[in-house]
Each structure stands twice: as C-alpha cells, then as structure tokens.
Amino acid sequence: RSAPMFKTIIAAYDGSDHAQEALKAACDLTSKYGARLHIVHTPQVASETMMVGYSAVPLPPSAEELEKAGADAIEKATAIVGKQGIDNAVTHVQPGDPGRVIVEYAKAENADLIVMGRRGLGDFGSLLVGSITHKVSQLAECAVLTVK
C-alpha cells in the first residue's frame, strides 16, 4: 500500500459560509485519509474610525479585541469539526495578513493540502473578493482546494 495522499490538511477558517463548507470538506478528507487536521484562523476586526479635524483616522483593533474574535471563531470551528466526528484538530490563531499566515503555517507544518472557501469575509473594505484565496493558491507549495 502506498502512503496516503494527504497526511496533513490545513483548513483556513474565517467564519463565513464558504469557510464553514470548506471546513466540512476538510473534515471529510481528514477522515478518508486518516490525516491530521489543522484549523488556521487570522482574526480580523472592523476598525473604528475617529474624526480628527476633517479627516477620518482608522483606529486599529486592540490585542484584546483580536484575541476575543479569534477565540470565538475557533470555538465555532471546533464545534463544526466535532459534529463531523473529528476531536483532535490542531488550532492555530495568528493575527496578520491571512494569505501569508495560511501559507507560512502550511509550510511550517509540511501540509499536503490547504482547504479554504472560495470567498470569505475578506479584509474589511477589500474590493477584491476572493483575493486571499487567490494569494494562497499562488504562494502555497502544496495543493489548494477551494470550496464554494
């Protein structure tokens, strides 16, 4: 018997409907191949803006806001994964540029596959819908599966 095609699967999760579907697909593949599932989340919080004179200045979210957003998202992701019968998923929460975080984590873990939604919540205010998915598929060294 040859080695399984996928041993380490990364599921990128941002809480969107597409990400939830991607997470379910990742669970299915994890079960089929006896792989190890890693859930990666990069918390994004809408920034507040403050008026300074006549211009609006964005206020970056606090570390606490990011931490809470990350914990909430991972809790939801873990619940979805648990319903799919997987109870040993590794979770990784890291603020930053989602595309870069996902690709770097996949590389560090020697991932065979990254599973992600075609469209996510994206960066707030991003006009390029799916730009994170595009970036990951361009930069990843492993296979990337996008799920609608």
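**View 1. Asp-72 and Lys-68 lie in helix H2, four residues apart, about one turn of the helix.** Helices are DSSP runs of H or I with at least four residues, strands are E runs with at least two, and both are numbered from the N terminus. The model is predicted: local features need pLDDT of at least 70, side-chain atom pairs count only at pLDDT 80 or more, and totals for chains, interfaces and linings use all residues. Residues are numbered from 1 along each chain as its sequence is written, and side-chain values use heavy atoms, with hydrogens and water left out. The side chains of Asp-72 and Lys-68 form a salt bridge, at 2.8 Å from N to O (a side-chain nitrogen of Lys or Arg within 4 Å of a carboxyl oxygen of Asp or Glu). Asp-72 is partly exposed at 30% relative accessibility, whereas Lys-68 is exposed at 54% (buried is under 20% relative accessible area, exposed over 50%, partly exposed in between, with a 1.4 Å probe and protein chains only).

**View 2. Helix H1 (residues 17-33) holds both Lys-24 and Glu-21.** These two residues are three positions apart, about one turn of the helix. An α-helix has 3.6 residues a turn, so residues three or four places apart point the same way. Lys-24 and Glu-21 form a salt bridge whose closest N and O atoms are 3.6 Å apart. Lys-24 is partly exposed, with a relative accessible area of 34%, and Glu-21 is partly exposed as well, at 38%.

**View 3. Glu-141 and Lys-107 are joined by a salt bridge.** Their closest N and O atoms are 3.4 Å apart. Glu-141 is in the loop between H4 and strand S7 (143-147) and Lys-107 is in helix H3, so the pair ties together parts that are 34 residues apart in sequence. Both Glu-141 and Lys-107 are exposed. The count for the protein comes to five salt bridges.

**View 4. Glu-48, Glu-64, Glu-65 and Glu-67 form a negative surface patch.** A patch joins residues with over 30% relative accessible area and no salt bridge, like charges being linked within 9 Å. Asp and Glu count as negative, and the place of a charge is CG of Asp or CD of Glu. Helix H2 (residues 63-83) gives the most to this patch, with three residues. Glu-67 lies in helix H2 and is exposed, with a relative accessible area of 62%.

**View 5. Helix H3 packs its buried residues against several other elements.** The buried residues of H3 are Pro-98, Gly-99, Val-101, Ile-102, Val-103, Tyr-105 and Ala-106. Their partners are strand S1 (8-12), strand S2 (36-41), strand S5 (90-93), S6 and helix H4 (131-139).

**View 6. Asn-110 sits in the loop between helix H3 (98-108) and strand S6 (113-117).** Just after H3, Asn-110 takes a positive phi of about 55°. Most residues other than glycine have a negative phi. Asn-110 counts as exposed, at 61% relative accessibility.

**View 7. The protein as a whole has four helices and seven strands.** From the N terminus on, the order is β-α-β-β-β-α-β-α-β-α-β. Of its 148 residues, 34% count as buried. Among the contacts (heavy atoms within 4.5 Å) with a separation of 6 or more, 74% join residues 24 or more positions apart. The protein exposes about 8,800 Å², of which carbon and sulfur atoms supply 53%; accessible areas come from the Shrake-Rupley method with a 1.4 Å probe.

Technical notes
Patch = residues over 30% accessible without salt bridge, like charges linked within 9 Å, V, L, I, M, F, W, Y side chains within 5 Å.
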